Each structure stands twice: as structure tokens, then as C-alpha cells.
Amino acid sequence: MTTSPQPSVSIDTSRAHPARVYDWLLGGKDNYPVDEAVGEKLPPQARDAARQNRQFMHRAAAWLATQGIDQFLDIGTGIPTEPNLHQIVQNVIPSAKVVYTDNDPIVLRHAEALLISRPEGATDYIQADVRDPEAIVEHARHVLDFDRPVALSLIALMHFITDEQDAHGIVRALAGTLPAGSHLILSHAASDLYPELVERVVAEYAQAGIRLAFRTRSEVARFFDGMRLVEPGLVTATEWFASAPATEPEGSGIYAGVARIG
């Protein structure tokens with residue numbers, strides 16, 4: 001376990017925050033009435049999407065650990081929901097190291113839950129925004145060895161970053177700091193699978209002051225430019241399995257993929 005000095009922060013309970021809405025969708029209790037109000041207006045499929053995202057992260061992280069990846073940089077961590085990423089990967093590699101990042105102060109308040117690492121491994125947390133990739137990488141270098149492969153995890157995050165904010169450039173900058181053999185784990189809400197639901201979800205978030213940038217499959221594929229997607233490629237979250245699933249996967253409005261860098 002590692003700890004780092006963190007800024008003094010206050011939680012704004014007058015505005016909804018994506019991490020807290022996500023917590024509500026997952027059935028968590030670390031949210032406020034303003035977040036619940038957004039969640040209750042969303043279609044039921046939003047809860048399915050939150051669960052599917054989480055399950056994809058579990059499968060992808062566990063698979064990478066079985067491939068020997070023992071360093072993870074998880075940006076857009078969200079409020080701790082067990083099992084957390086470090087619990088998944090340290091179950092495979094007890095010495096694995098994980099750096100978590102989020103920009104919601106409530107996640108910082110609960111960061112102790114993210115820092116309960118196995119003695120052989122290490123976890124750390126940084127209060128930061130994905131739109132400042134240099135600050136994230138600078139901090140992560142204190143825990144992770146950037147001379148060895150690192151898995152960059154961006155789960156249900158980049159659809160909160162618009163094209164005007166250079167979403168693809170941010171991912172490119174982060175991936176560019178990682179050595180060959182690293183991987184990108186990414187899931188992203190689709191704009192072209194269930195357009196009628198997308199319109200409703202985007203509108204409800206907009207009323208809460210949260211901009212969404214759902215993207216088509218080709219637009220999501222651009223996040224993986226210059227990388228090599230591992231099987232089964234860029235598919236929906238419920239279709240991503242390192243081996244064939246036992247049953248027919250349920251429908252999903254989330255694209256997901258894992259790609260090797262370099």
C-alpha cells in the first residue's frame with residue numbers, strides 16, 4: 001500500500017456527478033439526492049449498462065493479469081465497488097500494482113478502500129482529471145515502472161469527454177507514455193446501437209449539467225489507432241470474452257475492447 005498527499009477538497013452536493021450517478025446505477029449508497037434524481041429519470045437499460053461495464057472490466061483485467069501484466073493505471077475509477085480492480089488482478093498476481101485516478105472528491109473520501117492492497121503489491125490514488133494526462137502520468141511514475149508494460153484502463157469514461165476537449169488526443173497522449181507490450185482497456189457508450197435510448201440519456205444528463213459524447217463504432221475504434229486489438233476485437237461489452245461465453249450474451253449499448261500498444 002502506498003499513500004500520497006492529496007489536496008483538500010469539498011463535495012458539491014448541489015450538482016450531479018457522473019461517478020455518483022454511476023454508483024447509484026450500480027445500487028451503491030455513496031451518492032446524493034441530486035445524483036439519484038438523474039438516475040431515476042434514465043431508462044432501465046442504464047442500470048444494465050453500468051453492470052455490463054463493471055463485468056467487462058473484471059473480465060478484461062483478469063485476462064491481462066493471466067497474461068502477466070502486473071501494473072495498471074485506472075482512470076475514472078469511480079466510487080469503490082467490490083471487487084475493485086486491484087482485487088481482481090492481485091487475485092492472479094499478488095504483487096500487482098494499481099494506480100487509481102478520479103476527479104470526484106467523494107472518491108477521494110473513499111480512497112482508503114482502494115488502498116487495501118495485498119502486502120506483496122501496491123495501490124495508490126490520485127485526485128486528478130483525465131484532461132490533464134501529464135499530471136496523472138507524473139504521479140503514476142512514482143508507483144509504476146514505465147519501463148515495463150502497463151495496462152491503461154478507461155472504463156465508461158471517454159464518453160464524458162467531447163471532441164472539443166480532444167478526447168482522442170487525450171487517449172493518444174496517455175498511450176504514448178506507455179512502453180511496448182502495454183495495453184488499453186476501454187469501454188464507451190454507443191450512439192449507433194440504440195439511438196432512441198441515447199437521445200433520452202443524453203437529454204437527462206444535459207439537464208443535470210453533464211455533457212455526453214456517445215460515439216459510433218468507427219469513432220470508438222479511433223481510440224485504438226496504432227494499436228492491435230486482441231480477440232474478439234471491438235465488440236459490445238457483453239460480447240467481450242477472452243474465450244467463448246457459456247451462453248448467448250445479452251444486448252448492450254456499450255462498445256468495449258482491449259488492445260496491445262506497440
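**Pockets, cavity and core**

Author: The second largest pocket has a volume of about 150 Å³. A pocket is an open set of points on a 1 Å grid over the protein atoms alone, with protein on both sides within 12 Å along at least five of seven lines. This is a predicted model, where local features need pLDDT of at least 70, side-chain atom pairs count only at pLDDT 80 or more, and totals for chains, interfaces and linings use all residues. Residues are numbered from 1 along each chain as its sequence is written, and side-chain values use heavy atoms, with hydrogens and water left out.

Reader: Which helix gives the most to the lining of that second largest pocket?

Author: Helix H8, residues 167-176, with 3 residues. Lining residues have an atom within 4 Å of a point. Among them are His168, Arg172 and Phe223.

Reader: New topic. How many cavities of 30 Å³ or more does the structure hold?

Author: The structure holds 1. In a cavity, a 1.4 Å probe fits but cannot get out. About 30 Å³ of space lies in the largest cavity.

Reader: What lines the largest cavity?

Author: Its lining includes Tyr22, Arg54 and Thr81. Helix H1, residues 18-25, gives the largest share, 3 residues.

Reader: And the largest nonpolar core, which residues have the most contacts inside it?

Author: Phe56 and Phe72, in a core of 54 residues. Such a core joins buried (under 20% relative accessible area, 1.4 Å probe, protein chains only) Ala, Val, Leu, Ile, Met, Phe, Trp, Tyr and Cys residues through side-chain atoms within 4.5 Å. Helix H3, residues 45-66, gives the largest share of this core, 9 residues. Apart from this core lies another, of 35 residues, among them Ile126 and Leu234.

Notes: Grid points are joined across faces, edges and corners, and a volume is the space filled by probe spheres set on the points. Helices (H or I, at least four residues) and strands (E, at least two) are DSSP runs, numbered from the N terminus. Buried means under 20% relative accessible area, exposed over 50%, partly exposed in between (1.4 Å probe, protein chains only).
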